[in-house]
Amino acid sequence: MDDKIFYTTVFISLLIAVIIIFFVVSIILYHRRYIQLQRERIVAEITILENERKRIAADLHDSMGPLLSTIKLNINSIQVHDEHDKMVIARSGTYIDEVIRGLRQISHNLLPATLERKGLTDAIHEFIRQVTAKSKLDIRFHTSGQISIPTEKEIHVFRIIQEITHNTLKHAKATQLQIVLSRENGFFLVLVKEDGIGFDVRKVKAESTGLGMKSLAIRTDILHGHLSIESAPGHGTNYFIKIPAG
């Protein structure tokens, strides 16, 4: 009788252990699948965002700009003799010029033409000039080694640097930002360092609800790279991205 109770107890214990293991494994698999689905969703959002940026930039550059220039030519071709009418036409031409410049700036912000024409380093230099013209942030950009990142990867590297710079301007209260782009031992290395107020990396990653911090990680994943962020309150922030060159 004692043996029967013993074996029954062992059987029940094993059954409970199997159920618990199955339950734990199911939770782990579900959690991994959930994370994968979240990443796939963000990748899709980023892809859609880039495609929309490219489409809108092309529409503004190829359609709206020439259309407004044609309108200006037609307005200027109107023959008037009244001085007031001449002033109105001249003022209208000035307004159209301002709209055209604004459209070009919006088009450039959506997809820098320099990135497609001259490549990543020139696009970064141009981006830095635009940022420093409107802010007091001292940005230093250095390159080392042969920087020839494939075209399909350049946009993601550019957006990573752009996102970090915008985050620095918005949150860090930094005075200096250093960007280093290099190639070593078959990898492209991106190092961005700022002297701002710093933050708790784990807390920000856990509580972040926007695309900002997540897009850095996802874009790095798209590049099959590795992202490391080092920061602490009062000690600035270092971003290090390692991307396979192949």
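**Contacts, burial and overall form in a predicted model**

User: Leaving aside neighbours within four places in sequence, which residues is T165 in contact with?

Analyst: T165 is in contact with F127, V131, I139, L177 and I179 once neighbours within four places in sequence are set aside; contact means heavy atoms within 4.5 Å. The model is predicted, so local features need pLDDT of at least 70 and side-chain atom pairs count only at pLDDT 80 or more, while totals for chains, interfaces and linings use all residues. Residues are numbered from 1 along each chain as its sequence is written, and side-chain values use heavy atoms, with hydrogens and water left out.

User: Why is T165 called buried?

Analyst: The relative accessible area of T165 is 1%. Buried means under 20%, exposed over 50% and partly exposed in between, with a 1.4 Å probe and protein chains only; T165 therefore counts as buried. The residue belongs to helix 5, which covers residues 151-172; helices are DSSP runs of H or I with at least four residues, strands are runs of E with at least two, and both are numbered from the N terminus.

User: What makes G119 buried, and where is G119 found?

Analyst: Its relative accessible area is 12%, so G119 is buried. G119 sits in the loop between helix 3 (113-117) and helix 4 (120-134). Not counting residues up to four places away in sequence, G119 touches T114 and E154. P150 is 31 residues from G119 in sequence, with a C-alpha to C-alpha distance of 9.5 Å.

User: How many helices and strands does the protein chain have, and why is it called more spread out than a compact globule?

Analyst: The protein chain has seven helices and five strands. Its radius of gyration is 28 Å, well over the 18 Å from the globule rule for 246 residues, so the chain is more spread out than a compact globule. The radius is taken over C-alpha atoms, and the rule is 2.2 Å times the number of residues to the power 0.38. The C-alpha trace spans about 120 × 35 × 35 Å along its principal axes.
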